[in-house]
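Please keep the sequence and the coordinates at hand while reading.

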Number of protein chains: 2
Amino acid sequence: MNTEKYTSGITKYIPFLYVVWADDLLTASEIAVFRKAVQNDMLAEEEKRKINSWLRPGTPPSDTTITSWKQLIGQSGIKLVERETYPLTSFSMKLSHTRDSEEEISDENLKFIEINLGIQPNHYRHLFEVETRKSSGADFYDARKIDTLLKGEHTPHIDAFREFLSDPLFRWEISRDKDSFRPRVLEQVKRLAAAGYGAMAYDREYGGIGNMPAYAGIFENLMFADGSLTIKFGVQFGLFGGSIQNLGTKKHHDRWLKSTGEAKTLGCFAMTETRHGSNVRGIKTTATYIADTDSIVIDTPGENDNKEYIGNALHSEMATVFAQLIVNGTNEGVHAIVVRIRDDKGQLMPGVHIEDNGYKLGLNGVDNGKIWFRNVSVPRENLLNRFGDIDQNGTYTSAIDSPNKRFFTMLGTLVGGRICVAKGAVGGAKMALAIAAKYALHRRQFNSGGKIQEDLIMDYPSHQLRLIVPVAQSYVYHITLEQMIRDYASSSEASRRKTETQVAALKALITDFANKTIQECREACGGKGYLLENRIADLKNDVDIFTTFEGDNTVLLQLAAKGVLTDFTSEFNSDSYGDLLKLVGKQLSDRLTTFNPLFTNNTDKEHLFDPDFHLEAFRYRVRRLTFSAASRIRRYVKKGVPPQQVSLNIQTHLITLGKAYGVMLSYEIFSGFVNRIEDEKMQFLFRKLGTLYALHHIHADASWYLEHGYISGNKSKAIRQRVERLCTELRPHVASLIDGYGIPEHCMTAPISGK
Amino acid sequence: MNTEKYTSGITKYIPFLYVVWADDLLTASEIAVFRKAVQNDMLAEEEKRKINSWLRPGTPPSDTTITSWKQLIGQSGIKLVERETYPLTSFSMKLSHTRDSEEEISDENLKFIEINLGIQPNHYRHLFEVETRKSSGADFYDARKIDTLLKGEHTPHIDAFREFLSDPLFRWEISRDKDSFRPRVLEQVKRLAAAGYGAMAYDREYGGIGNMPAYAGIFENLMFADGSLTIKFGVQFGLFGGSIQNLGTKKHHDRWLKSTGEAKTLGCFAMTETRHGSNVRGIKTTATYIADTDSIVIDTPGENDNKEYIGNALHSEMATVFAQLIVNGTNEGVHAIVVRIRDDKGQLMPGVHIEDNGYKLGLNGVDNGKIWFRNVSVPRENLLNRFGDIDQNGTYTSAIDSPNKRFFTMLGTLVGGRICVAKGAVGGAKMALAIAAKYALHRRQFNSGGKIQEDLIMDYPSHQLRLIVPVAQSYVYHITLEQMIRDYASSSEASRRKTETQVAALKALITDFANKTIQECREACGGKGYLLENRIADLKNDVDIFTTFEGDNTVLLQLAAKGVLTDFTSEFNSDSYGDLLKLVGKQLSDRLTTFNPLFTNNTDKEHLFDPDFHLEAFRYRVRRLTFSAASRIRRYVKKGVPPQQVSLNIQTHLITLGKAYGVMLSYEIFSGFVNRIEDEKMQFLFRKLGTLYALHHIHADASWYLEHGYISGNKSKAIRQRVERLCTELRPHVASLIDGYGIPEHCMTAPISGK
């Protein structure tokens, strides 16, 4: 075949045709894109006919034709410039002599194909001679605009805070010795307090601005500085201060809240015991009211009933102690009491014994300790009495009759802490992703025979999967948590129960995501990732415990699932419950009959990228898992199986439901957010992130969808392929996406994140 | 219903009937077991008829009947003793008054049901009143027998070595400061050398016993003492000593091997460079032969072409340096040269510059460093010349013509190191599993309303999944690696290529398994797992890098897949290759037509537990993935796509194939081993471990099997349920299985592993 007969109009399409046919990138959707570009082009009909003749999947061009294209390209001697925004378009125009200078405007039709087919360097890098320019080129998206979208209404607070972190006191350094690390972190906490950051969530009269969402934003950004600092900050202002704010009343606020926000009163949150972590209701510490002295006596009954892992325990003057409150011989359930544990000179109060928890996997800048109480007496007023009180006659009173409900109401006010933990986890994941991605954007390894320059590791498909999927997840979770913290801050007690269910699922889902992501980042950086100087190692060790504290993930997922089941029906054991189940069962099976092949086999890009498809899939899964759990529970109950045994029997089912619920919820929130983005170009990017998130999660649970006949085998394969393809399509925007996290330069200290 | 009318013969079956119907545990296979027990019992026909009438899945007993059983049991006031070997049998006999004393022999038919249905405490714990006895009871299997099976022919070596580790020098302690940690580890290495452990793999004339498999067993056991020690030991004797042994010839052995085994000569293995880790062939260090002085000059050309992460770099006198060997202006490819880097006083030799790599995520007892060479001259004899030499005339000679083949032959001799890394990973996983399981066997959390005693966390299904699946994997991988090290030690150069492919897949698979397992163990121990004193944290950080060093897992999986493809056909680009593909394609699609519903829908326990089913499933997957990869490659090649681009296009496909191959291979080896176990009772246990391994992996890849129509949705669900059920069935043997690892008491220092 004589290649020289092609017109310039045809020639400019040759590199595109070569790339798509060399890698079988064409499906019906892609061909439509290609044909549309050709249609819109100012070509002669003969030229269009010729090009279209090469766009029939049923009769692809022959291998000879494809090989002749390769020769045509190879003989041209033209190099493809890797860092251009539209490298293939630019290359094509040079090849067809329609572009000579660098400045010339490129062809809109070719650009249309390039962007819509997501053709990227790893599709063609070794098909052409490639020229690598060191200057960073493609920045289709402005990272600052992305960052502004993420910061939302907190922009001024967060911008100021990031600048504040440039203070040398916050410069990250390797810290191996807890005895020097802890005082430094304490000093950092005091500096933050002095600048007003500790009190942000408190009311103005206590030195704050009453802005919990902004506080949570600050909290996330602290992870860019250091994990230990983040957690110590959270213990002092969020847990200790938060317990006074949320469980106490005005007298407590007046007495302690301002000095807590200023870090003049240091406090800890003494809930967990050595033998009781997840089962808080079963804690053993007692708080016995003594009428004679009008005081409450705190006591640790057994040797292993001490408080444990209590952050700030070695620096604190005060502790909020959770204990079984006994009034006139009656156990009124778990309550919180403020207890002084050190005097003004820092000496332990009589009856208080504290031991260092010693070295931990991470967070060694936080002073975790064990606390024992031996008949420690505090005034009655120290009972945080918002939900239960002892009056001056020594009588216990509460507006909430059920001890169970009272307990959960108290815990519910602390849900903000779980949101912060999840936000911190996202912050840690972002930091690790930014370091790993920056490394992958300059690290090269392996080359083909004829080339000097090795490939960027970011251009390996496995590397894209490992880093770009979590980048998409980080965006979804960021937006989700922004919504949750707003919901939480504005929630009534009635709606708080729902928020609690949601946060339980999300905290588990997101901290697990963060850990897996940081691990991928470590491995993605090879030996460099293993060096402490590159930060990922510390992030890994610090974030690890996020899966456990503020609620063990396994327990939280079951809690979330039980919340979903409760929402499903509040008539759990009533007669009509059976009817309800029958109705839903019928709806689900009706729905099943509508799983017609047109849906289950639909592998069109338009369908696979449709948010309605994703939402429908996630909701179907949650609904079906809820229905089957409820049905199982009903069968057990009818046979007289006790509740705890039922919980055991369906435990793994509940965990699956809890995860599915978290995935659905975060996608619902994120796609709602995307719909409200006004800038169309930005909306396009965010929608693509959401699509990657959704298809990744459907793919992760593909066996379940396949088992239920919700998708066909072909559709499952198509989804997997789309996940890989979407990573590649997002590849040119990785630099913008990680810069969009807004991590300040003074925090990006990892040597490998530079060049 | 008047429950008193039941005869004693019927009554003893009531608890069993209640348990199985309360949790829908019956499938056809299970019913057959139950019926068989009843059939064999000395009951009246009327009694048998009655019991069998309750064993029809189509017409289950009414809820009223089931509830009446509950009352019968509840009113008896009899308690179930949790720690008995057959708790339900014992309970049933007491209920039916067929057993009064503790000593009486229990009913064989009931025991038959209990063991074969795998009825365990988490199926019934809250159905009965439970009495918990502190003394450990059930030990159906003797842990020492299990340990002996695992140790195999190395038993005397390993027993002696474990005893040796009781030396206080090896007692594990928290080490935060590298400047004190490293000298301690060095001292430990020297102590091991003095006892002859370093030289075990070397020949007798060099102080060893020529036993590489026993050396690898020692190496794994070292992980029970400390990760840093294990790696430093491996660098000195395995990598440095191994390079002299395998790449050198007699003159090198005579000169260095004995003193290396005695740790009198300390050495390091300088292969990796800052810019070249995975792509070793592309390293930049040069070794130029200078005829005038008959010497070789080692040089680091660029600032970032230094050796990096070199273990033992700060203590070593010698280094095996990998460099591009240039003789008479020709680059003969990568070769290894022994270079003196420190003089007798420990001062760096002229031209050698070494820097500490600093703190790492883990392994801080290992002195990793960076090394630069500035025209460092060594005698020609220092070239390790087994595969390529410079003769006295200054001419390069090699028996292997192809530089490529020569390079891979050299690397192939170092495959033993990869096996050791995988063995170390298994050792780390075992240690973490032992700690987490021991904790789960005494840690309790949550109770039902009426009970004082909380549930053991080991009795939660999610906890069983998280710990018992990896226990099964640890057994499979232990046996697999024992086989691999024997194969390696006895392999010829011809068979070594195959071993290399196998080890590449297994090293990646097993180090990944170990990391995920240790992470699960950390989380399974909650806050306790986060404390350094409990060992899991250090194991996590030490084992983390096993995924990277001795070959990055992502790269190794591709290497393995390429090996599988090469095996598939050595006629890769020949004409007959197309014919071969057609033939295999036809075989696979023929096979597909035999995916008749009887197979794809078969959910019988006998079928799901059949090793032939597992092997068939794993082999089908490997064959199909190989076939589709080969077909894709052929299509690309026909279109003239260059090899490096083909590699990029099919990269994720190859990674999937590499993993599938490793899973298949390890199961093949393990099931062969199980077939050869003579003790039937032990064989039963090991077969169950293998079944859990197999079903877990089929389940993990269920979406793929479903996509290909290999299993139906129902079968996929049945497999998932069997995985959970198998964990429960193995639950009573967990203590024996982890004690079967043989971790010496003096190494089990984690406080939580005691009580």
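Two strands pair if DSSP finds at least two bridges between them. The model to which this rule is applied here is a predicted one.

In chain B, strand E6 (residues 307-311) is joined to E10(B) by three bridges, and the two run antiparallel. Within this pairing, Gly311(B) has Asn368(B) of E10(B) as its bridge partner. Strand E9 (residues 352-356) of chain B is also antiparallel to E10(B), with five bridges joining the two. Here Asp356(B) finds its bridge partner in Gly369(B) of E10(B).

How many of the six residues of strand E10 (residues 368-373) of chain B are buried? Six of the six are, so the strand is largely enclosed by the rest of the structure. Both of its faces are covered: on one side Asn368(B), Lys370(B) and Trp372(B) are buried, and on the other Gly369(B), Ile371(B) and Phe373(B) are buried.

In chain A, attention turns to the loop between strand E5 (295-299) and strand E6 (307-311), where Asn306(A) is placed. Is Asn306(A) buried or exposed? Its relative accessibility is 2%, and the cut-off for a buried residue is under 20%, so Asn306(A) counts as buried. Apart from its neighbours within four places in sequence, Asn306(A) is in contact with Thr272(A), Glu273(A), Thr274(A) and Thr300(A), as well as with Lys370(A), Ile371(A) and Trp372(A).

When neighbours within four places in sequence are left aside, the contacts of Phe34(B) are Tyr13(B), Phe16(B), Leu17(B), Val20(B), Ile51(B), Leu55(B), Ile113(B) and Leu117(B).

Over all chains, 85 salt bridges are counted. One of them is formed by Asp367(A) and Lys232(A), whose closest N and O atoms are 2.5 Å apart. This pair links distant parts of the chain, 135 residues apart: Asp367(A) belongs to the loop between strand E9 (352-356) and strand E10 (368-373) of chain A, while Lys232(A) belongs to helix H13 (residues 227-247) of chain A. Asp367(A) and Lys232(A) are both buried.

In chain B, Lys178(B) forms a salt bridge with Asp179(B), with 3.8 Å between the closest N and O atoms. Another salt bridge brings together the side chains of Lys516(B) and Asp512(B), at 2.9 Å from N to O. Because Lys516(B) and Asp512(B) are four residues apart in helix H18 (residues 493-524) of chain B, about one helical turn separates them. Asp512(B) counts as partly exposed, its relative accessibility being 28%. In chain A, Asp147(A), Lys151(A), Asp159(A) and Arg162(A) are joined into one network by salt bridges that share partners.

Finally, the two chains may be considered together. Chain B is superposed on chain A by a rotation of 180 degrees with 0.0 Å of shift along its axis, at an RMSD of 0.1 Å. This is the relation of a two-fold axis. Which residue of chain B comes closest to the rotation axis? That residue is Ser703(B), whose C-alpha lies 2.0 Å from the axis. Of the interface residues of chain B, 100% are also interface residues in chain A, so the copies meet through the same surface.

Key: Residues numbered from 1 in each chain as written. Chains lettered and ligands numbered in written order. Predicted model: local features only at pLDDT ≥ 70, side-chain atom pairs only at ≥ 80, totals over all residues. Heavy atoms only, no water. Least-squares fit on C-alpha atoms with pLDDT ≥ 70 in both. Contact = heavy atoms within 4.5 Å. Buried < 20%, exposed > 50% of the residue type's maximum accessible area, 1.4 Å probe, protein only. Salt bridge = Lys/Arg side-chain N within 4 Å of Asp/Glu carboxyl O.
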